[in-house]
Amino acid sequence: MTGEGARGLSRPGVFAAVALLSAGVLGYEILLARLLAIVHWHHFAYMIIAVALLGFGAAGSLVAVLQRPLLDRFRWTFGSAALGFGAGAPLAFALAQSLPFNALEIAWDRAQPGWLFALYLVLSLPFLSAALALALAFRMHAARAGALYRMDLVGAGLGALGMVFLLDALALADALRVVGGLGAASGGIVLLSSGGLRRLVRGGALLAVAAGLALPAALPDHWLRPQPSPYKGLSLALTAPDARIVAERHGPLGWIAAVESPRVPFRHAPGLSLMAEVGPPAQTGLFTDGGAPSAITPADADLRYLEAETAALPYHLLDRPSRVLVLGAGGGAEVLRALHLGARAVDAVELNPEVLALVRDVLADAPGASWEGGTVHTHVADARSFAARSSEQWDLIQIALVDSFSAAAAGVHALDESLLYTVEALGVFLDRLAPGGVLAVTRWLKLPPRDSLKLLWTAREALEARGADDPASRLAMIRGWKTTTLVIGARSFERDAIAGLRAFAAAQGFDLIWHPGIAEGDANRRNRLAAPEFHRGAAAILGPDPEGFAARYKFALRPATDDRPFFFHTLKWSTLPELLALRAQGGLPLVEWGFVILVATLVQGAIAAALLILLPLLALRAPRGAAAAKPARWRVAIFFASLGLAFLFVEIAFMQRFAVFLGHPLYAIAVVLAGLLVFAGLGAGAIDRLARLAGGRPPITVAAAGIALVVGAYLGLLPWVFEAAQGWPVAARIAVALALLGPVGFLLGMPFPLGLRALGARAPALVPWAWGINACASVVSAALATFIALHVGFTPVLGCALVLYAVAAAVQPKAAAEAPR
Amino acid sequence: MRPTVTALAALALAALLPFAAGPAAISAAAAADDPFADARAAMVRAVALDAEQTAVWIGKSALAPRVMEAMGRVPRHLFVPPELQSLAYENRPLPIGYGQTISQPYIVALMTDLLAPEPGDMAFELGTGSAYQAAVLAELVAEVKTIEIVPPLATNAARRLELLGYDNVEVRAGDGYHGWPEHAPFDVIVVTAAASHVPPPLIAQLRPGGRMVIPVGSPFLTQQLLLVEKGTDGTVTSRQILPVIFVPLTGGH
């Protein structure tokens, strides 16, 4: 099968090129998620990348149809496709961000879906290009599918890991250049590897590779630097005269920028009381990925405004909280509130070290402005794992208005998973309260009441899980016009505490949602809604029949758990048609973008995948010769689609599981994703050994059974292991995670190359088509996994994966003798 | 505002403003009657229909006739970028540059209605933008003072209002956080610039018995309207108005 263009081409060279290219592709995926989260919003970033990845499926189809001419010139087609990825990766992003796509306008402007489609097309080109090379390599070396897949996966895993480090070390534009360089290097290896070329041709190839390597470096910086949408907070802040970015930092958790505006000072005080006599002082704006505005406040400024936000509530329930734990230090608002209201010692936890560093930079100039040091101790950690591993106790644990970074960083989840607002997480925080202490959670107020009621129910279940007899007596909640604050007591709130709460609410014009002994007439008095919906909802959630109330309610209120950690998801299917019909009358804000985008991704992905899988069949004529000896195409399709779906199901469910244990969203990529891919690669490389060990049994069946066994065992084993090892240092936890991921990953890597090799021996022309089906299924799978988890949880996602592996084993291509070479 | 003045002003505007230029606009505006009159009337009907449908939440089935008349007079097509003029009377928000938008007509009408403006009122607006809201208010009150952070937007707004003959509006470029103490107190205040909070100086500059409206949401999506009322005794209360038709929360009727 070796074509003219492959003469003299070394196999190790091709394999190394595949590894480099895979590293580039996975790095590009992660990088694009970051870049597009800055230009647009991370939900859209997710959808755009998912659809663009269908370029992989398209490449499979293309190679399936054009395999003969492409294979005949393998060196040139592989080489130029890899060079195309190298040049295309940075160029496609530059072009994509110049398109006038405005996500916010998509409901109003008929041109926007067209621009979105253009974005898909542009960004799918680099993926298409890389995938052309990869599909050709698999077609070329189907007999060595295991070894090739090993290079592919190990490369991808190292690409993921490498990108996490690159994002820490380099500016985004430079990381994009590195990705481009990987593509060029991959093409270069194949084009220039030894032998069989005339001098002139070789010179031309050399020139092309040199140009490919030089191009990313030569592209102007402003093409590659992401420009946030003009509607994002940072862009808006910069429209003020003389406003400018005074400091910025990049990291894998986001791009943090500090803005000073001397003529129209930045002032941020979310939901400040309408009774407040003073507002916030002039602050420095703090923006993550160009959005999510918050503020850096100097410690020596007039801080009285901090008394007039709902988050000040716990200070009126407690005599004088001596020790305060702030989860989400950010620009310092909660730390300053604690100091201002008399805390003696404050522990401040911040996930992103770049935020703390930036705050230090900004406050360094003015003596007395910094709030760090003295009685304030800062900790760089994930809030939940910090609390889980601590043995200390606090009078007040204050969860600031911070939202999950994980979705933005990972770029693989449609909806914000939050491991901060689950039943299990609140339980962890409750365990760290001193006797008489309070846990306080401040959230944005949404109308009609949605996540505030969900939070209340989550708190109720957390208290019940800790054995509370009367959870309602340990809960209180108030609202301003823009925020709600929930307090959960280590014990029941006494009369003094309730009096303090009522006096605070009255003085600041806040409304009571719930406290022990509240009457309906006490609610909805100062910031009035058409009806006291918050109080009624709270009373029902804390009453005897929350399930019954939730069933009748327009939004989904069931508590978030670690298995279904979608705190922000409150949309009910049954309400969706009503909201969409009302889009022009203001119904649109009630539709959750994350959810709509997830469904849209799924639908678009499924349609495109179906087309990409079916169209090549028109061109792939029925194989000549004994039809009985050839595998039925539907079996091939089901086999490779099942594997594509199942692999990603396991990967995504495990990323979720291990992220809690490892306690940092970045580890989900650097350890779980990269680890699984590398282990799967090692497994792929060991399929010959498996075939020998399996004796006469079909090795795919053996691998599928092994996966079922290990995953099934983990369902029981993991909670126990995680519990036992939760307190260990991070290096030990990573070691435990890798030890656990090893066997799963190793087995996961086997079925695909086994199937590909079997197919290559009997119907080599179907190999690229099968490879494309697998790629399409992987794309659909990522969205489908989230969709399933959203409705029934991550455990059923694993269950589905096992079923799919059983299906794959049932329809597997029959093994045949090693293909003649 | 008189229709004839509107047409004349439109001519001048089209000739002078960078925002609404082009020979087509000039000849269109020069036509004897306003070519956008039908579109504007249709827009007003669409706003009335929205109001009727959202009666449950806004607490009434129709907006004040004075407000609807003002909506029918202000030439909205001269407040949007020229390339979007054909969309000016659709019931939707439109971009005006600098990350800002001209609000959906229904939201403008509802906000204006909630302010219950009286002919003798003194109004303050934080966030001029295209000045469309200021023009609607100018039709209904004695004087409007408005402050815009972005200097070019402020300049354009001032010129546009001047050419349209709105001599009762004063535009200033700068920081509106501290209100406009020289003209305080105000009977009505609009805060259209997306803010994390309501500046305390503005509440202080609201006259007892006065009303303030703040849209909450993102540039293209107004989630809810906050209506702040100062009682004659100075006490501040507020209401949240959801500009959406939504049947009761727990199903059924």
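Predicted model: local features only at pLDDT ≥ 70, side-chain atom pairs only at ≥ 80, totals over all residues.
User: How do you know that chain B touches chain A, and how many residues take part?
Analyst: Contact requires C-beta atoms within 7 Å. By that test 45 residues of chain B are in contact with 45 residues of chain A. The elements of chain B giving two or more residues to this side are helix H3 (37–53), helix H9 (200–204), strand S7 (206–218), strand S8 (221–230) and strand S9 (236–241). The largest share, six residues, comes from S8(B).

User: What makes up the side of chain B that touches chain A, by residue class?
Analyst: It divides into 24 nonpolar, 17 polar and four charged residues. Gly counts as polar in this scheme.

User: Why are strand S13 of chain A and S9(B) called paired?
Analyst: Pairing needs at least two bridges between the strands. Two bridges join S13 (residues 527–528) of chain A to S9(B), so the pair meets the cut-off. The two strands run parallel, and A:Asn527 stands opposite B:Ser238.

User: Why are S1 and S4 of chain A called edge strands?
Analyst: The open sheet of four strands has the order S1-S2-S3-S4 in chain A, with antiparallel pairing. Strand S1 (244–251) and strand S4 (291–296) each pair on one side only. Neighbouring strands of the sheet are turned by 20 degrees against each other on average, direction ignored.

User: How do you know that strand S3 of chain A pairs with S4(A)?
Analyst: The cut-off is at least two bridges. S3 (residues 284–288) and S4(A) have four bridges in the antiparallel sense, so they count as paired. A:Leu286 has A:Ser294 in S4(A) as its bridge partner.

User: What makes helix H13 of chain A a helix that packs on this sheet?
Analyst: Helix H13 (residues 353–364) touches S1, strand S2 (254–260), S3 and S4 of chain A. Its direction makes about 155 degrees with that of S1(A).

User: Which residues does A:Val326 contact beyond its neighbours within four places in sequence?
Analyst: Among them are A:Val335, A:Ala338, A:Val346 and A:Gln398.

User: What share of chain B is called buried?
Analyst: A buried residue has 20 or more other C-beta atoms within 10 Å of its own. Buried residues make up 55% of the 253 residues in chain B.

Methods
Residues numbered from 1 in each chain as written. Chains lettered and ligands numbered in written order. Contact = placed C-beta atoms within 7 Å. Buried ≥ 20, exposed ≤ 12 C-beta atoms within 10 Å, placed from the backbone. Axes fitted to C-alpha atoms, helices over the stretch in contact; angles between N-to-C directions.
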